[in-house]
Each structure stands twice: as C-alpha cells, then as structure tokens.
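Here is my note on this model. Please read it with the structure open beside you.

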Amino acid sequence: MSSAEARIAGAAARTAELSGNLSGLLARIEAACRMAGRAPESVRLLPVTKFFPASDVAILYQLGRREFGESREQETAAKIEVLRAGDHPGIRWHMIGRLQRNKARNVARWAHTVHSVDSERLVNALAAGARAALDAGERTEPLRVLLQVSADDDPARGGVTAAEIPGLAAKTAAAPELRLSGLMVIPPLDTEADAVFARLAALRTRLLADHPEAEEFSAGMSGDLESAIEHGSTVVRVGTALMGARPIISA
Ligand SMILES: *Cc1c(COP(=O)(O)O)cnc(C)c1O
C-alpha cells in the first residue's frame, strides 16, 4: 500500500469508528430522554474534540455535527485555521474549559458560546473581546455565556457559588456584547453527580425566574449524561464516549 492509500484507509477506518460511536451515543441520549419523559430534541449533543485533530472534527462535520466543544484557546485556534481551508459553513465552537482572562480576547473571536464563565473579571474581559470582534467584523452575534456553577459551593475548585449567581447573571445580561444563556456544571470526580445535578436544577429554576432567556443547562459527560438529562440538561458535553480515550498529556 502506498502512503497515500494508507492515509485514505486510515481516514475511512476513523470515519467508521466515529460514525458507529455517534450512532450509539445518540441512541443513548434518546433512551435517557425517554426514561426522563423528555422530547429527544430537548437535549443536544456537544461533541468534545479537545486533544483530537482537526481531521476528526472534519469527519464529524461530514456526519452532520455542527457544534464542537474545546477547552484550550491555542489548540482551538489552530484547528479553526486548518478547517478554514476546507468548506465548513455553520460550524460553532464552544469553549468549555477553564478560561484565563488573558485568553478572553482571542476566545471572543471564535467562540459561539463560552460555558466556563465564573467571575466578573472574566465577564468584563469577554465583553471587551466580543465588542472588539463585533467591531472588526470577526463575529456578527453577541457571545453566548453560561455561568459555571461550583458543584459544592467550594470556590477553590472553580465555578461561582449559589449566592454569586444573581449578581453575575445581572452583570452578564447587562452587557450588550454578551447573551446570558444559562448554567453549566462539572461534578468533581469525588462527588455524587446525581446530587450535583439536582442542586443545579433548583438553582436553574431560580435563575429562570429572573432571566427566562437563560434556558441552556450544560450538564452531563460520557459517564453521567443519563443523570444530567433526568435533571433537565439541554446540552451534554461528550468526549470519551464519542472520540475514544484522550491521549495522556501533562499540563
Ligand atoms: C473534557 C471535558 C468533557 C468531556 O468529558 P468526557 O468524560 O470525556 O465525556 C466535558 N466537559 C468538560 C468541561 C471537559 O473539559
């Protein structure tokens, strides 16, 4: 086999693998919706492609996916550059990882939604970045923002505490460059995911009373999406169950 033939065979094998995983995952989400008595369209799948190459994103695009979750600014910018060479209209990038303020300006160029906003400083930096990107014609819509909520009210682990949600929500909603869109949570490994999602569901009900537009609830990953869907998740962020195991990297 020539190297070109080997490349084509490799791409075909990866396409078959991702296609099979995707079908299985969509069936799993649908079954979870059925169990929870929810309409299947009420939950979206956000494939998490961090650490996987742009070629995988291109395959998933071919398979009909348009939204992708990433966690690192530089890695995402590089993938977007690669994909720009092809034809991928309508693609939407979600920033789901911990975000440093000095990366906010760049993220505001490419992100459709940021799931991981947990401080006023970050809200201000993203608003300024989105304003610059809007003025430069790099984006046409306000940046959607989800507030990442602490799973256990321990701010050391990231995420806003329950008491901080109303203030940060008001601040976000007041920025014309941003659109307050909902809440996000990541249950730490040592917590009971079901209890975390139940608590978030209650916080979400409170938020919706003041901000009915903040409908998104980003909850659920490969290991706990059924529980998240039971508690009202509108978007599940799935990496491993779709892409396979991530390469081990040192931070
Ligand atoms: C990596 C990541 C995921 C995906 O996790 P899996 O367990 O691989 O499905 C979801 N959410 C966030 C914030 C992540 O960083």
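1. The ligand sits in the largest pocket. A pocket is an open set of points on a 1 Å grid over the protein atoms alone, with protein on both sides within 12 Å along at least five of seven lines. "Sits in" means that more than half of the molecule's atoms lie within 2 Å of the pocket's grid points.

2. This is a predicted model: local features need pLDDT of at least 70, side-chain atom pairs count only at pLDDT 80 or more, and totals for chains, interfaces and linings use all residues. Residues are numbered from 1 along each chain as its sequence is written, and side-chain values use heavy atoms, with hydrogens and water left out.

3. Which residues surround the ligand? They are V48, K50, I96, M184, I186, M221, S222, R237, V238, G239, T240 and R246. Each has a heavy atom within 4 Å of the ligand.

4. Now the polar contacts (pairs of N or O atoms within 3.5 Å). A polar side-chain atom of K50 lies 2.6 Å from a ligand oxygen. For R246, a polar side-chain atom is 2.8 Å from a ligand oxygen. G239 uses a backbone N or O atom, 2.8 Å from an oxygen of the ligand. Alone, the ligand exposes 390 Å², and the protein buries 87% of that (Shrake-Rupley method, 1.4 Å probe).

5. Away from that topic, the count of aromatic pairs is one (ring centres within 6.5 Å). The F68 and W93 ring centres are 5.8 Å apart with planes at 40°, so the pair is tilted (stacked is under 30 degrees, edge-to-face over 60, tilted the rest).

How values were computed: Polar contact = N/O pair within 3.5 Å; in protein donor to acceptor, adjacent residues only side chain to side chain. 1 Å grid on protein atoms, 1.4 Å probe; cavity = no way out; pocket = protein on both sides within 12 Å on 5 of 7 lines; lining within 4 Å. Phe/Tyr/Trp six-rings, centres within 6.5 Å; stacked < 30°, edge-to-face > 60°.
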